[in-house]
Amino acid sequence: MSAVRQLTSKLLRGLLRHSSLSSNEWAIAMLRELDFVESDGAAIFWAIGCLAAIFKFSVRQSCFRLGDSGRRKDLMNGIVRRALGALSGVAIAGVLAICAFGLLQLSFRFSPSFAERTPWLPWLTLIAMPIAAFILAAVALSRNRRSIAVGILLLAIPLGTHFAMHLATHASD
Amino acid sequence: VKLRVSRQTLQVLNAFLEDPPEWKHGYGISQTTGLKSGTLYPILMRLAERKLLETSWDASEIGKPPRHLYRLTAAGLQFAREGSRSRPTGRVSGAALGGMKS
C-alpha cells in the first residue's frame with residue numbers, strides 16, 4: 001500500500017472514531033471500499049467524498065434529533081456565531097498580512113538599496129513574522145475563541161504557502 | 001403520496017435493476033453510475049433507511065476485510081421499476097413505499 005493511500009486510510013479511520021454511532025457502519029463500509037479503488041488519486045477523491053457523505057449524514061441526524069424548533073434555533077445561532085467568528089479570524093489575518101506586505105513595499109520604496117542589502121527581509125516580514133503571529137494568535141484563541149482561531153488558520157495556511165512558493169520561484173530573479 | 005427522486009437516485013436504482021438479485025459493492029456502483037462517493041453513499045443510506053435497500057457484509061475473501069454489499073428489497077425493486085418508468089420527471093408514487101414520506 002502506497003504512502004498516499006495509507007495516509008488517506010488513516011484520515012478516514014480518524015473520521016470513524018468521531019462519527020456518530022448510527023453512521024459508523026457506513027463509515028466502515030466506505031473505508032473498506034477504499035482498498036479496492038485502483039489509483040492513489042482516485043483513492044483520495046473517494047476519501048474526500050466519504051468525508052462529505054459522513055458529514056451530510058451526521059448533520060441530517062443532528063437536525064432530526066433536534067426536532068423542536070427552539071433547539072433547532074439554538075443550533076442555527078451557534079452555526080452563525082461560529083461562521084462569524086471564522087470570518088473575523090480570516091479578516092484579522094488578512095489585515096495583518098496586508099500590513100506586513102505594505103510595510104515591506106514602503107521600506108523598499110523609500111530605500112531601494114535596502115532591498116539589495118537585505119535579501120532575507122521578505123522571508124522575515126512576509127513569512128516568518130506573520131506565520132509566528134498567526135500561530136501565536138491561533139494558540140491563544142483556541143480555547144475561548146476557537147472559531148476565530150480556525151479563521152486565522154484558514155487564511156494563514158494558504159497565504160503562507162503562497163508567499164513561500166512565490167519567494168522560492170522568484171529567488172533566482 | 002408523490003416522492004421526488006433525483007436523477008442520481010434514479011441512476012443508482014437503474015444500476016440495481018440491471019441484475020436485481022445480485023449483491024453489489026459501493027465502488028462497483030460508483031463505477032457503473034459514474035457517481036462520486038460523496039453523492040452515492042448518502043443515496044444508499046437514504047434507500048437503506050427506507051427499507052428499499054438491504055445491506056450485508058461480504059466476508060468470503062479470506063485475509064481481506066469484509067465489504068459492504070447492497071441489494072434492492074422487494075419494495076425497492078417495485079420503487080426502482082416505477083422510478084425508471086417515470087424517468088423524465090423523476091416522480092415516483094409513494095405506493096411502492098407503503099405510504100412512506102420522504
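Me: How many helices and strands are there in chain A?
Reply: Chain A has seven helices and zero strands. Keep in mind that this is a predicted model. Along the sequence the pattern reads α-α-α-α-α-α-α.

Me: And how much of chain A is buried?
Reply: Buried residues account for 32% of its 173 residues.

Me: What about the surface of chain A, what's the accessible area?
Reply: About 11,200 Å². Carbon and sulfur atoms hold 69% of that.

Me: What share of contacts in chain A join residues at least 24 apart?
Reply: 61%, counting contacts between residues at least 6 apart in sequence.

Me: Switching to the cores. Which residues touch the most other members in the largest nonpolar core?
Reply: B:V12, B:Y41, B:L44 and B:Y70, out of 38 residues in that core.

Me: Which elements give two or more residues to this core?
Reply: From chain A, α2 (21-34) and α3 (40-65). From chain B, α1 (7-17), α2 (26-33), α3 (37-49), β4 (67-72) and α4 (74-85). There is also a second, separate core of seven residues, with A:L104, A:L126, A:I127 and A:F163 among them.

Me: Which residues line the second largest pocket?
Reply: Chain A gives A:A42, A:F45 and A:W46. Chain B gives B:Y27, B:S30, B:Q31, B:G34, B:L35, B:K36 and B:S37. The elements with two or more residues in this lining are α3 of chain A and α2 of chain B.

Me: How does that lining divide into nonpolar, polar and charged?
Reply: Five nonpolar, four polar and one charged.

How values were computed:
Residues numbered from 1 in each chain as written. Chains lettered and ligands numbered in written order. Predicted model: local features only at pLDDT ≥ 70, side-chain atom pairs only at ≥ 80, totals over all residues. Heavy atoms only, no water. Core = buried A, V, L, I, M, F, W, Y, C linked by side-chain atoms within 4.5 Å. Buried < 20%, exposed > 50% of the residue type's maximum accessible area, 1.4 Å probe, protein only. Helix = DSSP H or I, 4+ residues; strand = E, 2+ residues; numbered from the N terminus. 1 Å grid on protein atoms, 1.4 Å probe; cavity = no way out; pocket = protein on both sides within 12 Å on 5 of 7 lines; lining within 4 Å. Nonpolar A, V, L, I, M, F, W, Y, C, P; charged D, E, K, R; others polar. Contact = heavy atoms within 4.5 Å. Areas by Shrake-Rupley, 256 points an atom, 1.4 Å probe, with all protein chains shown as cover.
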